[in-house]
Every structure is written in structure tokens, then in C-alpha cells.
Amino acid sequence: MTSLHADGVVRRLGDKVVVDNVTLTLRPGETVGLLGPNGSGKSTLLRLLAGVLAPTAGVVTLDGRPLTEVGRRVTARRIATAEQHADTQTELTVRDVVALGRIPHRRAWTPTTAADTAAVNEALARAGLTDRAGQSWHTLSGGERQRTQIARALAQEPRELLLDEPTNHLDIQHQLDLLELIAGLPVTTVIALHDLNLAAMYCDRLLVLRDGRAVTEGTPAEVLTPTLIEQVYGVRAEVTSDPGHPVIRFLRPAATADRISLKRGTTSDVRPAF
């Protein structure tokens, strides 16, 4: 059984191919991580899955139907997104922003229902923002804005959740809290991440992109190997096994380690990790 499916999708921007023949099948309830360096096509693939962008070739389907046939309103009720950057010139409170997630569930100009209020309150609580509900969006830190966007997506009560670097601007505690929340939701989630260790901890499967193409797909243990990390990211790493997931230890380039040793007045053949 599948929910959201991308079949050989391509997205061109002028002469450039941003996403190149990528296929991804999502199973209900799983968390899939999108990995790859900057410019690899992660954000564009998320927008294709959300129906925000139309593929140049290939098709995205929801429950077996192309998104173009499903319709924008039904798609908006099913699929919620949270992108890296969001801003507004309008004076809105945190509650106002989170309440935007209820728009797909309401007809134009209809008043807020008890169900809308309950969904917004629950989303604020899940994102740890209840005490910020009346605060102006413009006074929030980058991390608080990110959490507000997650709360808006949760208020939408989606069955599919697409997140683009949701841990940006968050300190370590809030990164872990947020990913614990996401991993525990009864929804299908696709999440673009840069932190390979967080991806290994919280994702059921990983899809690795490079230059718009899918390099490999599988469980974190299958995907996150020293060879793959060097091939895709151009860095050396050691990978060890922790119960349930791999742990990545990045290695400093030899020249950097030598400079540090000289600065400290020591010599060593050991190349310490970041």
C-alpha cells in the first residue's frame, strides 16, 4: 500500500535539470529522509511531491491518482508542507500563523469552528508554543519561527507531511524534541536534512540525491557508508553501529589536522574527528 508516489519525475529550469528521473514510493506512516549536498534537488523534489511545482516529465500520485486529478483543495487537506524560509509583512501572532493551517478545511468567509480551535491549540502544544500564542511573529527568533511553521503544518491535520530542513536555526535540544515529535506522528513524513546522524536516528528510510539524481535508497544502515559519504559529500568518515542506527564520525582532512598539531606543539598521526 502506498500513499504518495513520485514516478520518474523530472523538473527543468531553463536548460538545467534540477530533478532528474527520481522515483520515490512512500508507505503510510513511515519517515523518509532526503539527503544530499546543497543544490542536489531536495527542496525541488519536496515541492513536486506537494503539487506546488508540476513535473516536466513523470507524475506524482496520491493514492494512485495524479495530483492534477486529485485537485488542489483535497491535496491541501492531505499534504502539509513547511519550508526553510517563511516571512510575512502582515502583523500576525503565532496563533494567527498556526491557524492558517485550517484554511483547507474551511469554506471562504466561514467562522472558526470548535474543531479549528482544538486543532490549533493541539498544534501549539505539540510544538511547545502555547505560551507564545499571543506573541507577534516578527518578534520571534529563527528557531521559534521554524517551530511555528511546524505547528501550522500540524494544525492542518495532514496524512502526509513534507518538511524542508526543519531543524535549521534550532539548538540541539529543540532539534531532538522536534524530530521526536515528527517521528511519533501517525503520518507519512518526508524530511530534508543535512545532519546525517539525525537522519540515521529518526528516519526509517533514506533517499540520497546528488545533482538532481537519486544515488541510492534504503535504510540508514544500508545507505550511510563511508564510501557513500565520500562519494556524495566529498568528506571522509567513520561509521560505527549504535543499537538501531549507524553513527557517523567525520574526519578532518590531513592538512587541517597537521596544522592543529603544529599550533598545539604536538605531532600525531591521528586525524581527529569534527
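Helix α1 gives the largest share of the lining of the largest cavity, four residues. This is a predicted model, in which local features need pLDDT of at least 70 and side-chain atom pairs count only at pLDDT 80 or more, while totals for chains, interfaces and linings use all residues. Residues are numbered from 1 along each chain as its sequence is written, and side-chain values use heavy atoms, without hydrogens and water.

**Cavities**
- The whole structure holds two cavities of 30 Å³ or more; a cavity is a set of points on a 1 Å grid over the protein atoms alone where a 1.4 Å probe fits but cannot get out, and lining residues have an atom within 4 Å of a point.
- The largest has a volume of about 70 Å³, volume being the space filled by probe spheres set on the points, which are joined across faces, edges and corners.
- Two or more lining residues come from each of α1 (42–50), β6 (79–82) and β7 (160–164); helices (H or I, at least four residues) and strands (E, at least two) are DSSP runs numbered from the N terminus.
- Among the residues lining the largest cavity are Arg-47, Glu-83 and Asp-164.
- The second largest cavity, of about 40 Å³, takes three lining residues, its largest share, from helix α7 (residues 172–183).

**Sheet**
- Four strands form an open sheet in the order β2-β1-β4-β5, with antiparallel pairing; strands pair if DSSP finds at least two bridges between them.
- β2 (16–25) and β5 (65–66) are at the edges with a single partner strand each, so one side of each lacks a neighbour in the sheet.
- Two bridges join β4 (residues 57–62) to β5, and Thr-61 stands opposite Pro-66 in β5.

Conventions: On a 1 Å grid over the protein atoms alone, a cavity is a set of points where a 1.4 Å probe fits but cannot get out, and a pocket is an open set with protein on both sides within 12 Å along at least five of seven lines; lining residues have an atom within 4 Å of a point.
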